[in-house]
Structure formats: C-alpha cells, structure tokens
Amino acid sequence: VTRGDLKYQGKAKQVYLTNNSEILWVHYMDQATALNGKVHEDIPEKGRLNSAISHILFQYLTRHGIENHYLTAISETDELDLALDIIPIEVVTRNYASGHFVSKFDATSMQKLNPIVQEFYYKSDALDDPFMNDSQILALGYATEIELEKLRNYAQKVNQLLKSLFDEIKINLIDFKLEFGKNALGELILADELSPDNMRLVDQKTGKSLDKDVFRQHSGDVTIGYRDVLSRLENLEK
Ligand code: C5P
C-alpha cells in the first residue's frame, strides 16, 4: 500500500488516502488539543504512545470478536485502517462520574454510576459536539432505530472488555468515547482510536489521572500517564 493525498486533518491525526480505495493511512501526530481545538500544544512522543496503546486495544477487541477498522501498524506512529463512512455520532459511555457529567448534573466526582450511562453527541467541531437524544438522531436521519441499538450494544460490549482489561492492570476505566463508520455493505464498524485522548483512566491505587485530563487541567506532563498505561499493557501482553 502506498500513501496518497491527505484526506482529512483531525485534531491529533492525519488521514491519508492510499492506492487502495478500501484502505486509509492514519498518522498519529505529536499534538494535543482541548476545548474542541481552541487550545493547541505540541507534545513530543504523544503520537507514538497513542498509536501503540490504540493498536494493543484494537487487537484485544479483535481477539474478543469486536469488529473494528484497525488493520495493521506500519510504523511507530502510522497505521492502516479500513476506509469507512464515519457517521456523525459520538458514543460516550460512563462507568464513573467525571468531566461534563459532573459539571452538568451536580454529580459527585468519581461516583460509581448504576446503571452505566450511555450518551450520544453530534460530531461537529463547529457546534462543539452537542448532546443528542435518540429522537433527535432519528428525526434527522443520522441513524435508524436498529443502528442506535447496534451502537448501544457495541459500546456496552467494548465497555465490558476494556473495563476488565484495565482492571487487570489496576486501572479504572472512568469513561470513553467511541466513533463508528459504515463499510461498503452499510454495516456499522468501530472506528477512530482507543487511547487516553478518548478515555479517562485512573490508577486504582493512587487515584491519579493517566489520561488527557492532565493536559486539560494543565496539571503536568501528560505523557507520563500515557507511558505508564502503555508499559502496563505491554507487560500484560508478555
Ligand atoms: O467531556 P466529557 O466528560 O463528556 O467526556 C467523556 C469522555 O469522552 C472522556 O473520556 C473524553 O475524553 C471523551 N470525549 C472525546 N471526544 C469528545 C468528547 C468526549 O474523546 N469530543
């Protein structure tokens, strides 16, 4: 596969076309953004760390029967993914209260959520990814009832699997965001990345954030936590 034109520049990734229309070339950048891109910073090594963490997590999900877009790594920062038609719905799952769930609803930070919370957001940088309920999604045709059910089931399975994996390395999975796309047959497939940019991870022993909250809150070097997560995942794989 050879790399072609830049298709899309995201906040922390560049997506290129390839000579195969079914495959995309994704490059993880050494960049972090907060407040939907309003705050930007170069963070050396972040691309490599996110890419490596994402590979391990996608491969783990694949082994457990969760179909996803990840095909193969081609360097420390680049991978090949299935080309999908991304749907404009972000699916957030919350096991514990944090972030916007705390600021919006007066929840106690880190209170355990029962039942687990699932939320949909409309994927739009211009609109700051607003919350969307089922009927809003249906009325605007962003998904059908059957597809929404699939998204919910997908997110629930991914949550169970990731939660138990992180539990093995003494990390609590607080919340995370998933994105999906459709293949040529119109089937929904898990896409995007699975990294501490998209999930909150907290050390069970120290209560420390090992995710992008460190960057959002300017509370230190964000890559320390990412490196910790990666080395625990790598040790588990050995
Ligand atoms: O900000 P909020 O509390 O709603 O975020 C919930 C989870 O979803 C966090 O893990 C966050 O990193 C992730 N998220 C994301 N992209 C967004 C919004 C949230 O990855 N656009």
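This is a predicted model: local features need pLDDT of at least 70, side-chain atom pairs count only at pLDDT 80 or more; totals for chains, interfaces and linings use all residues.
Is Leu 61 buried or exposed? Leu 61 has 20 C-beta neighbours inside 10 Å, so it counts as buried. Setting aside residues within four places in sequence, its contacts are Ile 66, Asn 68, Val 158 and Leu 161. As for Lys 38, that residue is 23 places away along the chain, and its C-alpha atom is separated from that of Leu 61 by 32 Å.

Next, the helix itself. α1 is made up of 18 residues. From first C-alpha to last it reaches 26 Å, close to the 26 Å expected at 1.5 Å a residue.

Now the domains. The protein chain is divided into domain 1, residues 3-82, and domain 2, residues 85-221. Taken over C-alpha atoms, their centres are 18 Å apart. Domain 1 puts 19 residues into the contact and domain 2 puts in 21. On the domain 1 side, β4 and α1 each supply at least two residues, and α1 gives the most, with seven. By class, that side of domain 1 has 10 nonpolar, seven polar and two charged residues.

On to the core. The largest nonpolar core has 49 residues, and those with the most contacts inside it are Ile 53, Leu 173, Leu 201 and Val 229. Among the elements that each supply at least two of its residues are β3 (23-28), α1 (46-63), α4 (145-168), β11 (171-182) and α6 (222-237). Leu 173, one of the residues with the most contacts inside the core, touches Asn 95, Leu 162, Lys 163, Phe 166, Met 199 and Leu 201, not counting residues up to four places away in sequence.

Last, the ligand. There are 14 residues around the ligand, and the closest are Gly 99, His 100, Asp 175, Lys 177 and Asn 198. Which elements give two or more residues to this shell? They are β8, α2 (99-105), β11 and β13. The shell is made up of six charged, four polar and four nonpolar residues.

Technical notes
Residues are numbered from 1 along each chain as its sequence is written. A nonpolar core is a set of buried Ala, Val, Leu, Ile, Met, Phe, Trp, Tyr and Cys residues joined through C-beta atoms within 7 Å. A residue is buried if 20 or more other C-beta atoms lie within 10 Å of its own, exposed if 12 or fewer, and partly exposed in between; C-beta atoms are placed from the backbone. Helices (H or I, at least four residues) and strands (E, at least two) are DSSP runs, numbered from the N terminus. Two residues are in contact if their C-beta atoms, placed from the backbone, lie within 7 Å. A residue is near a molecule or strand if its C-beta atom, placed from the backbone, lies within 6 Å of it. Ala, Val, Leu, Ile, Met, Phe, Trp, Tyr, Cys and Pro count as nonpolar, Asp, Glu, Lys and Arg as charged, and the others, Gly among them, as polar. The expected span of a helix is 1.5 Å times one less than its number of residues. Domain bounds come from an automatic or database domain assignment.
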